[in-house]
Amino acid sequence: MYNLVSYFKSGILSTFASNMCLIAFALNEHPDYPLILVANRDEFYERPTSYADFWEDHPNVLGGRDLKGGGTWMGVTRAGRITAVTNYRDPQNISATAKTRGDLTKDYLISDTPALPYLEQVEKEAALYNGFNLLLFEAGKGYYFSNYGDKIRTLDKGVFGLSNALLDTPWPKLEKLKENFSQSIQSNIDVDSLLELLTDDQKASDEALPETGVPYEWEKALSSICIATPTYGTCCSTVILVDKSGNLSFTEKSFPVGARDAQSSSFNIKIADQ
């Protein structure tokens, strides 16, 4: 069923690797938390990555790291900059010479360039990358850009979801996560409960499956919030909370898949200049 080797050699599944694949976030929707974000990262289990921590070469940056490409799928800084990237699933348009998408997030985290001018520069170079969705959060606002979209978007308020198509594309797993997430944040905010939302492994019905250019068995496997195949799937879940006093909490739960160990870690940051 999961003939990853042949699909990967054909280039079809290389588009999945190394980028977080499911995110839901609430921006200025909760009276105590201007930002609540939950996310799953899906990847090939064999791809070398580090667990979330502060980076030795950039001590103000916190996040996991892709040890092959050098970038990250998600990270935050002590100054309150937050970013995440997902790929855009288009297996027919993959370039083996494209720049790594993890640099889009890394370069934002290590720079002082404000979010909007940073995205304007990314927009100019967008064709150098395979399909991507890029989220930036800064000073109470969110920003979104995809090289499959037509413009940079500023996000002020609402509940949003992102997978491997454009922002809020109604794939079944994204709609399900957004609905459960929206309900969860109506009560007391609890990190464990938010993490639990990300463990749902129920697959979409055949009638609801999107058509994204991959074989049926992969469309089915990728249709759950939490993905599990013998060689590819959800490797970690993350919850980020920013409260109105400028306290940022970052919790990562890694799963025992491939050669990885299960691990949970939490970090708390007082955002500078708040």
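Over the ring of which residue does the charged end of R41 sit? In this predicted model, the ring in question is that of W73, whose centre lies 3.5 Å from the charged end of R41.

**View A. Charged ends over the rings of W73 and W55.** The charged end of R41 is placed over the ring of W73, at 3.5 Å from the ring centre. In another such arrangement, the charged end of R65 sits over the ring of W55, with 3.9 Å to the centre of that ring.

**View B. The edge-to-face pair of F44 and Y232.** Ten aromatic pairs are counted in the model. For F44 and Y232, the ring centres are 5.2 Å apart and the planes stand at 70°, so the pair is classed as edge-to-face, a term that calls for an angle over 60 degrees. Because F44 belongs to strand 2 (residues 35-44) and Y232 to strand 11 (residues 232-242), this pair ties together parts that are 188 residues apart in sequence. Both F44 and Y232 are buried.

**View C. The stacked pair of Y88 and Y148.** The rings of Y88 and Y148 are 4.0 Å apart, centre to centre, with 10° between their planes. Y88 lies in the loop between strand 6 (82-87) and helix 2 (102-109), and Y148 in the loop between strand 8 (141-146) and strand 9 (153-155), so the pair ties together parts that are 60 residues apart in sequence. Y88 is buried, its relative accessible area being 18%, whereas Y148, at a relative accessible area of 33%, is partly exposed.

**View D. An aromatic cluster.** The residues F25, F137 and F160 together form one aromatic cluster.

Technical notes: Residues are numbered from 1 along each chain as its sequence is written. This is a predicted model: local features need pLDDT of at least 70, side-chain atom pairs count only at pLDDT 80 or more; totals for chains, interfaces and linings use all residues. Side-chain values use heavy atoms; hydrogens and water are left out. Rings of Phe, Tyr and Trp (its six-membered ring) pair if their centres lie within 6.5 Å; planes under 30 degrees apart count as stacked, over 60 as edge-to-face and the rest as tilted. Helices (H or I, at least four residues) and strands (E, at least two) are DSSP runs, numbered from the N terminus. Buried means under 20% relative accessible area, exposed over 50%, partly exposed in between (1.4 Å probe, protein chains only). A charge sits over a ring if NZ of Lys or CZ of Arg is within 6 Å of the ring centre and within 35 degrees of the ring normal.
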